[in-house]
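Biologist: I would like to learn how to read metal sites and domain bounds. Can we take them one by one?

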Amino acid sequence: MATTMTTETSGMPEPIRNGEGAPILGPRNVPLERENPDLLISPWTDNGTIPNLKFSFATARNRVLSGGWAREVTARELPIATELAAVNMRLKPGGIREMHWHKEGEWSYMLAGRARITAIDAGGRNFIDDVGEGDLWYFPAGLPHSIQGLEEGCEFLLVFDDGHFSENETFLITDFFKHTPREVLAHNFGVPQAAFAEIPVDVAHDRYVFAGKVPPSIERDAVESPAGTVPQKFSHRLLAQEPVKAPGGQVRIADSVTTFPASKTVACARVEVEPGAMRELHWHPNVDEWQYYISGRGRMTVFAASEHARTFDYQAGDVGYVPFAMGHYVENTGDETLCFLEMFRSDHFADVSLNQWMALTPPELVKAHLNLSDETMAALSKQKQIIVR
Ligand code: MN
Ligand code: MN
């Protein structure tokens with residue numbers, strides 16, 4: 001009976017197109033097949049072997065803790081993603097991401113709610129701010145910092161400038177205390193050893209992400225430094241930034257050479273693609289692209305040269321990746337606005353538009369390659385379209 005099933009009769013997605021293919025007979029995972037229609041029925045233009053370019057936070061291990069939770073997508077989950085790694089973290093009201101530091105630069109996007117962030121630099125200049133939805137922060141490598149949920153709690157995406165980063169291997173203040181001889185602690189702080197009788201020493205009592213009290217107003221919480229505040233703010237209000245309007249949506253770009261000077265190693269573009277529209281065919285001339293899908297549904301084909309191309313489908317909570325220089329587009333395949341982050345380990349955002357390149361090249365030369373009509377050549381745009389309708 002199964003051999004006679006078609007997409008219509010079974011109500012199931014089946015790998016059948018124009019009389020080719022056949023229904024699945026063996027074990028299957030229908031929800032995953034529905035989420036990945038361009039893998040189940042690969043476009044005929046796809047070809048060759050391409051590494052996996054998708055990983056969902058929904059299939060990442062979640063560390064559930066008293067103050068919230070944290071899950072990560074790194075080069076261990078998505079091996080191609082060597083340039084950037086990410087953590088999706090939730091903090092309850094008052095929940096604290098322990099005071100810590102790490103070897104990587106940390107960029108962040110607030111997904112929901114609000115948090116208070118603190119840091120200092122090597123000159124003893126400090127920083128404190130309250131961040132809300134759509135706000136960014138950037139803590140340079142090696143500088144110590146903290147994050148705490150405010151009244152409504154929060155959830156955010158952390159992006160680190162090394163794909164091999166692990167959130168489970170940061171330098172924690174409690175860990176440092178735990179592993180320093182008590183007489184050295186006493187000497188260092190000029191107090192008796194008894195002052196450290198209650199510091200947490202049990203691994204089971206690791207702070208890391210722990211419950212806390214909602215802090216008072218930022219005015220009451222702030223500490224004044226004799227050295228003043230950090231010269232370049234570690235936070236940025238991305239949504240307050242005027243977007244670049246495109247025919248099919250809009251984009252906000254934040255990098256160290258434009259609106260976010262402190263973000264020296266990470267550049268971002270927050271892209272909104274309307275239903276029926278598409279991020280145009282392009283590539284990036286500097287680095288890999290790491291993507292995080294915030295809302296909606298989309299698909300992307302990555303062109304890897306030498307006849308290699310593969311199409312992937314993405315939805316909210318997915319991570320996508322495009323290795324350096326590979327051509328791609330991102331098409332909205334749903335009925336709501338597709339919103340995603342394009343992230344780069346770079347001090348600046350850069351892209352090359354296929355459309356613009358062709359428009360700015362002698363037309364006879366372009367026509368000689370692709371047999372395009374004069375009408376098609378005339379339709380090319382000398383401006384980047386960014387998002388086409
Ligand atoms: Mn951190
Ligand atoms: Mn791109």
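The dialogue below goes through the metal sites, then the domains.

Modeller: First, the ground rules. This is a predicted model, where local features need pLDDT of at least 70, side-chain atom pairs count only at pLDDT 80 or more, and totals for chains, interfaces and linings use all residues. Residues are numbered from 1 along each chain as its sequence is written, chains are lettered from A and ligands numbered from 1 in the order in which they are written, and side-chain values use heavy atoms, with hydrogens and water left out.

Biologist: Which protein donors hold the manganese ion (ligand 1)?

Modeller: Donors are N, O and S atoms within 2.8 Å of the metal (3.2 Å for Na, K and Ca); water is not among the atoms, so sites may look incomplete. Here they are His100 (NE2), His102 (NE2), Glu106 (OE) and His145 (NE2), at 1.9 to 2.2 Å. Their spacing along the chain is H-x1-H-x3-E-x38-H.

Biologist: Is His100 buried or exposed?

Modeller: Buried means under 20% relative accessible area, exposed over 50%, partly exposed in between (1.4 Å probe, protein chains only). His100 has 2% relative accessibility, so it counts as buried. Glu106 is buried too, at 1%.

Biologist: Where do the domains run?

Modeller: Domain bounds come from an automatic or database domain assignment. Domain 1 covers 7–44 and domain 2 covers 57–236. Their centres, taken over C-alpha atoms, are 44 Å apart.
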